[in-house]
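Keep the sequence and the structure in view as you read.

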Amino acid sequence: MAAVVQDVARAEASVIEGLVAPTGDETEVRIHMCNTGEIATARVLTPGGRVSYEGAARIDGVPGGAAPVPLVFEALAGAMCGALLPSGRAVDMIDGVACTLIDNSMPCVILDADAMWLRGDETREALDADEVLKARLESIRLQAGPLMSLGEVGAQSVPKMILVSAPRTGGVIATRSFIPHRCHATIGVFAAVNVATACTLGEGPAAALAVLPEGERFAVEHPGGAAEVLIRRDADGRVTGAGTLRTARKLFEGRVFPRA
């Protein structure tokens, strides 16, 4: 999440500091992420040639609204595992549970909450207290590691485990995300990207439950609301880019002078 916030800040700063010339009411800024080598594209509102912070775009869990900044990443597939579907399949059976092993920026295992004897709308406190559930999830996670070319993952934080269920508040799908042993209060940006991508596969737990939108905005429900994911697809429905909607918020400005 911190890297995503930094990317948005860099996009705004590049226009403010004159590194990128405004191009009308909206300016596209391409960002090279040195840590991964990937490219992200942000669209910054620049009416009158100036960055605007005014707007009603909201992020659940963040107070107030601000100007929207769509942020889309390219070439995310297989970032850690070498392929979008590391096992070569949209569905793998592990411990009798149908799972989608996917890596669209981050290795994740996606499975139906119902297969774990859950509704999918349980509180994070209830899920964290369910030792039987956590033992079942960990058994699946340990077996998924080698199938995803990650090897032995007992001491690793990946793959993330994500339970999915039918949407309840008008979104595309509902989630409960584990990272890897505790339930997330919301859902991480890239975990949400993986879930949204899995919804488009045509088969698998997420695809079976998803209510697909007409456009590129996928609302992925979580315990604190919903994360808005941007999914771009080609004419054949394959995902070509994915990202999220952030907001532009001016926190401070200042000048620093070196000591003489």
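Buried means under 20% relative accessible area, exposed means over 50%, and partly exposed lies in between (1.4 Å probe, protein chains only). Helices (H or I, at least four residues) and strands (E, at least two) are DSSP runs, numbered from the N terminus. This is a predicted model, in which local features need pLDDT of at least 70, side-chain atom pairs count only at pLDDT 80 or more, and totals for chains, interfaces and linings use all residues. Residues are numbered from 1 along each chain as its sequence is written, and side-chain values use heavy atoms, with hydrogens and water left out.

Q: Why does the radius of gyration of the protein chain agree with a compact globule?
A: The radius is taken over C-alpha atoms, and the globule rule is 2.2 Å times the number of residues to the power 0.38. With 260 residues, the rule gives a value near 18 Å. The two agree because the protein chain has 19 Å.

Q: What share of the 260 residues is buried?
A: Along its principal axes the C-alpha trace spans about 65 × 50 × 35 Å. Of the residues in the protein chain, the buried share is 46%.

Q: Which residues does Val195 contact, leaving aside neighbours within four places in sequence?
A: Contact means heavy atoms within 4.5 Å. Val195 is buried in α4. Its partners beyond those neighbours are Ile110, Ile162, Val164, Ile173, Thr175, Ile187, Ala206 and Val220.

Q: Which residues does Glu203 touch, not counting those up to four places away in sequence?
A: Glu203 lies in the loop between α4 and α5 (205-209). It is partly exposed, with a relative accessible area of 47%. Glu203 and Val91 are 112 residues apart in sequence, yet 7.3 Å apart in space, C-alpha to C-alpha. The residues touched are Ala90 and Val91.

Q: Is Trp117 buried or exposed?
A: Trp117 lies in the loop between β6 (107-112) and α2 (124-128). Its phi is positive, about 65°, although it is not a glycine. At 66% relative accessibility, Trp117 counts as exposed.

Q: Which residues does Gly154 touch, not counting those up to four places away in sequence?
A: Gly154 sits in the loop between α3 (131-147) and β7 (160-165). At 34% relative accessibility, Gly154 is partly exposed. Its C-alpha atom is 8.5 Å from that of Glu138, 16 residues apart along the chain. The residues touched are Arg141 and Leu142.

Q: What kind of peptide bond joins Val158 and Pro159?
A: Pro159 is in the loop between α3 and β7. Omega of the bond from Val158 is about 0°. The bond is cis.

Q: What is omega for the bond that joins Ile179 and Pro180?
A: Pro180 is in the loop between β8 (173-178) and α4. A cis peptide bond joins Ile179 and Pro180, with omega about -20°.
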